[in-house]
Structures are given as C-alpha cells and as structure tokens.
Amino acid sequence: AAAAAAAAASEAGAAGGARGAARTRFGGRTALHWAARHGRLEVCRWLVEQGAEVDALTSDGTPPLHWAVWQGHLAVCTWLVDEAGAALHALNSFGCNAFQWAAQSTSPEAVAVCRWLHGRGLDAALLNCNGHSALHKAALKGNRRVCEWLLSGDEGGGRLAEPQLQADRDGNTPASMARAEGHEDLARWLEEWRRARTALTASPVETRVRAMRLFSCDRLIDS
C-alpha cells in the first residue's frame, strides 16, 4: 500500500511527500483528490499521514470528499469524514454540496451513498447558485434509481418535494433536463410523479376549482 501511495503521489507531481505535492497543474487538484476519486483508501490514508490537506479545494472549490461521493466510494467517504475530519457540509463555488455530486454518480453504490449522506444529516433539499437541486443533477444523468430515492417519502428516503422540482434560473426543470439529455422515460416519470403529488396535496377546494376549470375548457372546446 505504501508503494502504491508513493507511486500515486509521484504521478501527481510529488517531489517531497504529500505536502510538497499539494497541488497539480490541473485546476488545483491534489493527489488526495485523485486517490479519493479512484477509491484508493490506503493511498488516501498515507497522503493524509504525510500532511495532505483533507479539505484541499480545486479551482472550482471542490474537496476530495465530493469526488469520492461522485464515484460511489463509500468506504473512502466514511474514512474522510469519520477519521480524517473532512467537512461534510462543504459547498463548492457553485453552491453544490456532496448530495449534488452523489446524484450524478453512475456507480451501483449511488443510492447507498445518498442514504449515508442523509443519515449523517446532509441537506438533500439544497438548491445551488443556479437553482439546481440534487434531483436536477440526477435527472441530467438519467439516474432513475437516485431520482426515486430522492423523491421517496418512506423512512430513509430523500423526501424532496415541489421546491426541488421547480425550474432553475434558466427555466429548466428536472424533467426538461432529463429530456434534453435523451432520458425520455425518466422525464415522463418525473412529470407524472409531479402531477400525482400535486393531486395528493391539493385541498378539496383546489381540487373542485381545478375540476370546474377543466369542465369549462371542455365545454368551450365542444362548442
């Protein structure tokens, strides 16, 4: 493990231990970012022991934890937070937290990572600077399982609702973002979920008003 760690640090430009290799030329990424991204727990441990900064930021303000989350490396995530002291609630320059990185993950462990973040108290409902929720991110990547978990009202589910289904500052809803990326089935599912949610949460008065409007429109069309 020590040899692998040394090799990883060397590849990242290390010339004298992890502290000397703190940053590469590629957007401020460190050896710890790369080790976290690739799930190399022993390398992460070695780098931190050598003095690597656990919350080092890339040029867009992203810490190693977000990269580990993004790639579904739950063991690395747990170690970074519980043992290395990584900041669970960190935001990058775009206002994204770790949930919004987990939502983009194509890893089979994506939902497990979401559950872990939720259990640790991270805010799944956060909107970033552009009004994106984790649901927008999951929809963009076609991650149906993550979308289902985020919208689940069951115990342990994300319990997102209408605010996270709203359009972002550019007018894009999760459904429209899914559709733009070719995930038509997911887009239709999100739209149907939203309609069903609206129907369930509407008051009896609102339901009657909606029905009257629909009836009026039908009469106008028939005439």
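Biologist: Where is H66 found?

Modeller: H66 is found in helix α5, which spans residues 64–70. The model is a predicted one.

Biologist: Why is H66 called buried?

Modeller: The relative accessibility of H66 is 0%. Buried means under 20% relative accessible area, so H66 counts as buried.

Biologist: What makes the pair H66 and W101 a polar contact?

Modeller: The two side chains come to 3.4 Å. The cut-off for a pair of N or O atoms is 3.5 Å, and one must be able to donate a hydrogen and the other to accept it. The side chains of H66 and W101 therefore make a polar contact.

Biologist: Which backbone atom does the side chain of H66 reach?

Modeller: The side chain of H66 reaches the backbone oxygen of A90, at 3.3 Å.

Biologist: Which residues is H66 in contact with, leaving aside its neighbours within four places in sequence?

Modeller: H66 is in contact with A90, N92, C96, N97, A98 and W101. Contact here means heavy atoms within 4.5 Å.

Biologist: What sets R159 apart in its backbone?

Modeller: R159 has a positive phi of about 60°, yet R159 is not a glycine. Most residues other than glycine have a negative phi.

Biologist: Where does R159 lie, and is R159 buried or exposed?

Modeller: R159 lies in the loop that runs between α10 (144–151) and α11 (162–165). Its relative accessible area is 53%. Exposed means over 50%, so R159 is exposed.

Biologist: Why is G119 called exposed?

Modeller: G119 has a relative accessible area of 65%. The cut-off is over 50%, and therefore G119 is exposed. G119 lies in helix α8, residues 110–119.

Biologist: How many residues apart along the chain are G119 and G157, and what separates their C-alpha atoms?

Modeller: G119 and G157 are 38 residues apart along the chain, and their C-alpha atoms are separated by 9.9 Å.

Biologist: How many helices and strands does the chain have?

Modeller: The secondary structure comes to 14 helices and zero strands.

Biologist: What share of the contacts with a separation of 6 or more comes from residues 24 or more positions apart?

Modeller: Residues 24 or more positions apart account for 67% of those contacts.

How values were computed
Residues numbered from 1 in each chain as written. Predicted model: local features only at pLDDT ≥ 70, side-chain atom pairs only at ≥ 80, totals over all residues. Heavy atoms only, no water. Helix = DSSP H or I, 4+ residues; strand = E, 2+ residues; numbered from the N terminus. Buried < 20%, exposed > 50% of the residue type's maximum accessible area, 1.4 Å probe, protein only.
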